[in-house]
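Grab a pencil and work through these exercises with the structure on your screen. Try each task yourself before you read its solution.

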Amino acid sequence: MIQAFVPGLPIPQGSKTAFVRNGRAVLVDSDKRLKAWRKLMTEKLEAANAGCEQLNGALSLQVIFFMPRPKTVKRDFPITAPDLDKLIRAVNDSATDAGIIKDDSQVIEIVAYKFYEDPQNPLGVFIAYDYLNGVSAHRF
C-alpha cells in the first residue's frame, strides 16, 4: 500500500483550451494552477514510494479530498464544483508521473469522498493505492 497526504487546494483536471500556434493545434489546461498541484502530488507520491517497486496489476484507489468551506456556507458537504471525477483524474495522472503505477487503467476500484476541511482534516487530499483484495469486486 502506498499512502500520501498532499496539503493544499485540490485542483481538478478537466477541460482544456485549444488554440493554433505555428499551424499546430495546442491544448492547455484551463486552470493554470493545475501544473503546480500535479507537481506537488507527484513529489509527495514519489516520496511515499521511495525505495519501493511500481504497483502492477489490479489496483484500488482510496482518496479523500478536503475542500475549503466558504464563510457563508452552512451545508454539510461540498456539493458544488469541482467535480469529484475531475479531482480524481489529477490524482491518477500524478501517480503515473510519479511511477507509482504504470497506467491509470490499472485502477479498477475507486472509493472517493469530498468533504469540507476542518481542524482535524486540513485542506488537501489523502491518497492510498493498494492491490485489489477481491472483496469489493464480489459485492454484486
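**Exercise 1.** At what angle do helix α1 and helix α2 pack, and how far apart are their axes?

*Solution.* Before we start: this is a predicted model, where local features need pLDDT of at least 70, side-chain atom pairs count only at pLDDT 80 or more, and totals for chains, interfaces and linings use all residues. Residues are numbered from 1 along each chain as its sequence is written, and side-chain values use heavy atoms, leaving out hydrogens and water.

Step 1: find the helices, α1 at residues 34-48 and α2 at residues 84-98. Helices (H or I, at least four residues) and strands (E, at least two) are DSSP runs, numbered from the N terminus.

Step 2: read off the geometry. The angle is about 55 degrees, and the axes are 8 Å apart. Axes here are lines fitted to C-alpha atoms, for helices over the stretch in contact, with angles from 0 to 180 degrees between N-to-C directions.

Step 3: name the arrangement. The two helices are therefore oblique to each other; under 35 degrees counts as roughly parallel, over 145 as roughly antiparallel, 65 to 115 as roughly perpendicular, and the rest as oblique.

**Exercise 2.** Work out which residues make the contact between α1 and α2.

*Solution.* Step 1: use the cut-off, heavy atoms within 4.5 Å.

Step 1: list both sides. From α1 come Leu 34, Arg 38, Met 41, Thr 42, Leu 45 and Glu 46, while α2 brings Ala 90, Val 91, Asp 93, Ser 94, Ala 95, Asp 97 and Ala 98.

**Exercise 3.** Find the residues with the most contacts inside the largest nonpolar core.

*Solution.* Step 1: know what to look for. A nonpolar core is a set of buried Ala, Val, Leu, Ile, Met, Phe, Trp, Tyr and Cys residues joined through side-chain atoms within 4.5 Å. Buried means under 20% relative accessible area, exposed over 50%, and partly exposed in between (1.4 Å probe, protein chains only).

Step 1: The largest core has 27 residues, and Val 63, Ile 100, Ile 127 and Tyr 129 have the most contacts inside it.

Step 2: see who contributes. At least two residues each come from β1 (2-7), α1, β4 (59-67), α2, β5 (107-116) and β6 (124-131). The top giver is α2, with 6 residues.

Step 3: zoom in on Val 63. Beyond its neighbours within four places in sequence, its contacts include Ile 88, Val 91, Tyr 113 and Ile 127.

**Exercise 4.** Is Ile 79 buried or exposed?

*Solution.* Step 1: locate Ile 79 in the loop between β4 and α2.

Step 1: check the number. Ile 79 has 68% relative accessibility, so it counts as exposed.

Step 2: look across to Lys 114. Its C-alpha is 8.5 Å from that of Ile 79 and 9.3 Å from that of Asp 83.
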